[in-house]
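The following report concerns a single protein chain and is intended for reading beside the sequence and the coordinates.

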Amino acid sequence: MTEPTFANLVSRWYEENARDLPWRKPGTSAWAILVSEVMLQQTPVVRVLPAWEAWLARWPVPAALAEDSPAEAIRMWGRLGYPRRAVRLRDCAVAIVERHGGEVPDRLDQLLALPGVGTYTARAVAAFAYGQRHPVVDTNVRRVVCRAVAGEPDAGPATRPADLVATEELLPVEPAAAALASAAFMELGAVVCTARSPRCAVCPVEPVCAWRASGQAAPTGPTRRPQRYAGTDRQVRGLLLAVLREATGPVPRQRIDQVWTDDVQRSRALAGLVTDGLVEPVGEASFRLAGDGPAVPLPG
């Protein structure tokens, strides 16, 4: 198996079978692609679609979001999960305006320097928005490369530098073809080469897949232990944020105390929201979403 053959097989399959997702349409702005990549982290496509469309309708360019408050970003994020992403995305918009004149930068080092933009997101924007040649490696891509090239049933729990190297070696030299291949690898892992029920019969690289040739079975256990939600601090944080999102002003502490009966856990969750920059105190007995009103004077 040669590298161009592998990339060409997956890219041809992608061009015929890729899901019709709005952020993949020609002419989609780099900002819209950046928003999609942030929203898609740990969140299914079906939940992201309406949130992405509403977000771009309200803030079609970074400057529009930068001019709005963190509180409005948190409100707009709704129940998408992991709301710190909303604040980071707004911080990112501010940085784009201040450092790059309101345009999402096309250089990888500048993308990596943006708040909340990590290795994966920066490379995804560079490849999918600007057609550059970068290894874009998420869980799905790592699994495809691990199986098809290394012959192992699954990849490890986190992306390593070796994963970037292995994926880059598979990319065509020409940047546009490499960007297409990056999207194709990701799609193949998401819908065909899945963790527990791979559809090898319809996989475009099944004839050259090292894992299939080895005869190893797919792992039967979960790739990672499922995270419990009910009764956790994460659930309490979500309930507290829901109350604050719906409020039009500061929420008294006695109203917050009605959200969850466990005083210790509720206080811990609230303190965590304050530490994460999602909530801020107003005086000594009320709270509001961060930036939802005049600046809060420092005590003393």
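## Helix 9 and helix 11

In this predicted model, the axes of helix 9 (residues 139–150) and helix 11 (residues 175–191) come within 8 Å and cross at roughly 90°. Helix 9 is therefore roughly perpendicular to helix 11, a term that covers angles of 65 to 115 degrees. Axes are lines fitted to C-alpha atoms, for helices over the stretch in contact, and angles run from 0 to 180 degrees between N-to-C directions. Helices (H or I, at least four residues) and strands (E, at least two) are DSSP runs, numbered from the N terminus.

On the helix 9 side, Asn-140, Val-141, Arg-143 and Val-144 meet Phe-185, Met-186, Leu-188, Gly-189 and Ala-190 of helix 11; contact means heavy atoms within 4.5 Å. By class, the residues of this contact comprise six nonpolar, two polar and one charged. Ala, Val, Leu, Ile, Met, Phe, Trp, Tyr, Cys and Pro count as nonpolar, Asp, Glu, Lys and Arg as charged, and the others, Gly among them, as polar.

## Helix 13 and helix 15

The axes of helix 13 (residues 233–246) and helix 15 (residues 263–275) come within 9 Å, crossing at roughly 70°. Helix 13 is thus roughly perpendicular to helix 15. The contact involves Asp-233, Val-236, Arg-237, Leu-240 and Leu-241 of helix 13, together with Gln-265, Arg-266, Arg-268, Ala-269, Leu-270, Gly-272 and Leu-273 of helix 15. Six of the contact residues are nonpolar, two polar and four charged.

Helix 2 (residues 30–39) is largely enclosed by the rest of the structure, because 10 of its 10 residues are buried. Buried means under 20% relative accessible area, with a 1.4 Å probe and protein chains only. Among the elements that cover the buried residues of helix 2 are helix 3 (45–58), helix 4 (62–66), helix 5 (70–77), helix 6 (84–100) and helix 8 (119–128).

Ile-33 lies in helix 2 and, at 4% relative accessibility, counts as buried. Residues up to four places away in sequence aside, Ile-33 touches Trp-23, Thr-28, Phe-128 and Ala-129.

## Ser-11 in helix 1

Ser-11 belongs to helix 1 (residues 3–17). With 7% relative accessibility, Ser-11 counts as buried. Apart from neighbours within four places in sequence, Ser-11 is in contact with Leu-180, Ala-181 and Ala-184.

## The annotated domain and the whole chain

An unreviewed UniProt entry places the feature "domain: HhH-GPD" at residues 39–191; such annotations may be inferred rather than shown by experiment. Over residues 39–191 the chain is 63% helix and 0% strand, and the end C-alpha atoms are 19 Å apart.

The protein has 15 helices and three strands. Its C-alpha atoms fill a box of roughly 70 × 45 × 30 Å, taken along the principal axes. Of the 300 residues, 46% count as buried. Among contacts between residues at least 6 apart in sequence, 61% join residues at least 24 apart.

## Basis of the values

Residues are numbered from 1 along each chain as its sequence is written, and side-chain values use heavy atoms, with hydrogens and water left out. For this predicted model, local features need pLDDT of at least 70 and side-chain atom pairs count only at pLDDT 80 or more, whereas totals for chains, interfaces and linings use all residues.

Technical notes:
Angles under 35 degrees count as roughly parallel, over 145 as roughly antiparallel, 65 to 115 as roughly perpendicular and the rest as oblique. Buried means under 20% relative accessible area, exposed over 50%, partly exposed in between (1.4 Å probe, protein chains only).
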